[in-house]
Every structure is written in structure tokens, then in C-alpha cells.
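Subject: Structure for your files, with notes

Dear colleague,

Here is the structure I said I would pass on. My notes on it follow below.

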Amino acid sequence: PKTTQMKNSIIAILIGALILFVYQALAWMVLPVHANSHKYTATEDSLLAAMNGLEEGVYYLPGTPPNIGKSEAQKLHENNVGKPWAMLYYHENLEMNMGKSMGLGFLIDLIAVALTVRLIQLGNITGKSNILRATMVIAFIIVFSSAMMNWNWFSTPWHYLTGEILDHLIGGLLLGLWLGFILGRKPKAAN
């Protein structure tokens, strides 16, 4: 029984990670889930030229210069209320290494599924529907603690968030169905 449980866990994790990975690839490359995630601007060349020389990182514009006092920072913030603002990720070089990204993507999925399986085991969650429900609860926790927090604090637009939320919920559903099937089966009685 212990060996069978270990074998089932390994199979559940490997195939679960593959299910997530394939869904994510389809969501970005084939399905219309992320068709509207990113906007285009005809001024991209001039924007990128203006950013040339920046240190790689995340920028909040208008930002607060370093080494100013709290009251001065508060004044700057108040003066910018109602004006345009942006948050951007700046990289010095566009890297097109699909092999690296896909390899890391699968590794991240593998870790996420392993943690999910471990949580199911630690919680003694049994039965297909209970495992599916537990997996969906995890997916909703991720949605509310990441996507919805970004919407709340950074006003992340819905055209981007919709795909992210769908990825978490559809991925959670597919994973929950698989884990419910493989881990939710009743052990065979010993002869």
C-alpha cells in the first residue's frame, strides 16, 4: 500500500504537471484565452528609445525619487492624482529562448502539482469530488491572492486579468479532475 501510494503520487504529479503545461501552452498559443492580454501602441519605438539605458526592473511612473522625505513624497503623489500613470517591466534585451522558458514552465508546474498533491495527502482528502473541490479552492486562493490583489493595488486592467484568472481556474479544474481520478480511487482490497 505505501509503495502503491508513492507510485500513484509520482504518476499524479508527473501527469498533472503535463496537463497544466499543455493547457498553458494551448491557452497562450492556440486558444483565445490571452488574445487580448497585451495592448499595442504605434509609439512603441519612441517609448523604448526613451527608456534606453534604464536599469532592468519594474518601474512605477510617476515614481518617487529616492532620498526624499515622506511629506515631499506625499505632495508629489497628491499632485499626480488624476494624471496618467504606468507600471512597466523593463528589460535591456528581448530574449527568445523558448526551450529555457518551456523547461522552467514545466518545472514550475511540477512543483505546483507536487505541493497540491502533498496538501491533499496532508489533509487526508479522499474521494474524487473532495479532491476536485480542494484543488479548486487552491485555484481560487491563487486568483484572489495574486490576480485580484494586482487589480486592487495596481489597477491591473481586466483585459489582462481575464486570461490570468481563466488560466488559474481552468488549470485548477483540469488538475482537480485528474488528481480526483488518480488519487480518489479506493485502494484495492488485499487478498
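A residue is called exposed when its relative accessible area is over 50%, buried when that area is under 20%, and partly exposed in between. By that cut-off Glu95, with a relative accessible area of 52%, is exposed. Please keep in mind that this is a predicted model.

Charged side chains

How many salt bridges does the structure hold? The count is one.

One is Asp109, which is placed in helix 4, residues 98-122. Asp109 is buried without a salt bridge, and the nearest side chain of opposite charge is that of Lys100, 17 Å away. Setting aside residues up to four places away in sequence, Asp109 touches Ala17, Leu20, Phe21 and Gln24.

The other is Glu164, in helix 6. Glu164 is also buried and also lacks a salt bridge. For Glu164 the nearest side chain of opposite charge belongs to Lys39, at a distance of 15 Å. Apart from neighbours within four places in sequence, Glu164 has contacts with Trp28 and His34.

Helix packing

Helix 1 spans residues 2-29, and its axis comes within 8 Å of the axis of helix 4, with a crossing angle of roughly 135 degrees. The two helices are therefore oblique to each other. Helix 1 passes helix 4 in a right-handed crossing. On the helix 1 side, the contact is made by Gln5, Ser9, Ala12, Ile13, Leu14, Gly16, Ala17, Leu18, Leu20, Phe21, Gln24 and Met29. On the helix 4 side, the residues are Met102, Gly105, Phe106, Asp109, Leu110, Val113, Ala114, Val117 and Gln121. The buried Asp109 is thus listed among the residues of this contact.

Helix 4 also packs with helix 5. Their axes come within 11 Å and cross at roughly 125 degrees, and the pair is therefore oblique. The crossing of helix 4 and helix 5 is right-handed. Here the contact is made by Thr116, Leu119 and Ile120 of helix 4 with Ile131, Thr135 and Ile138 of helix 5.

How do helix 5 and helix 6 pack, and at what angle? Helix 5 (residues 128-154) and helix 6 (residues 158-183) lie with their axes 8 Å apart, at an angle of about 160 degrees. That makes the two roughly antiparallel. Their crossing is right-handed.

Loops and backbone

Two residues other than glycine have a positive phi, and each is in a loop between helices. Asn124 is in the loop between helix 4 and helix 5, and its phi is near 55 degrees. Asn124 is exposed, with a relative accessible area of 66%. Ser155 lies in the loop between helix 5 and helix 6, and its phi is about 55 degrees, positive although Ser155 is not a glycine. With 46% relative accessibility, Ser155 is partly exposed.

Which two residues are joined by a cis peptide bond? They are Leu61 and Pro62, with omega about 0 degrees. Pro62 is located in the loop between strand 1 (57-61) and helix 3 (70-80).

Asn80 is in helix 3 and has a relative accessible area of 24%, so it is partly exposed.

Best regards

Technical notes. Residues numbered from 1 in each chain as written. Predicted model: local features only at pLDDT ≥ 70, side-chain atom pairs only at ≥ 80, totals over all residues. Heavy atoms only, no water. Helix = DSSP H or I, 4+ residues; strand = E, 2+ residues; numbered from the N terminus. Buried < 20%, exposed > 50% of the residue type's maximum accessible area, 1.4 Å probe, protein only. Lys, Arg positive; Asp, Glu negative; His and termini not counted. Salt bridge = Lys/Arg side-chain N within 4 Å of Asp/Glu carboxyl O. Contact = heavy atoms within 4.5 Å. Axes fitted to C-alpha atoms, helices over the stretch in contact; angles between N-to-C directions. Parallel < 35°, antiparallel > 145°, perpendicular 65-115°, else oblique. Left-handed = near helix turned anticlockwise from the far one by under 90°.
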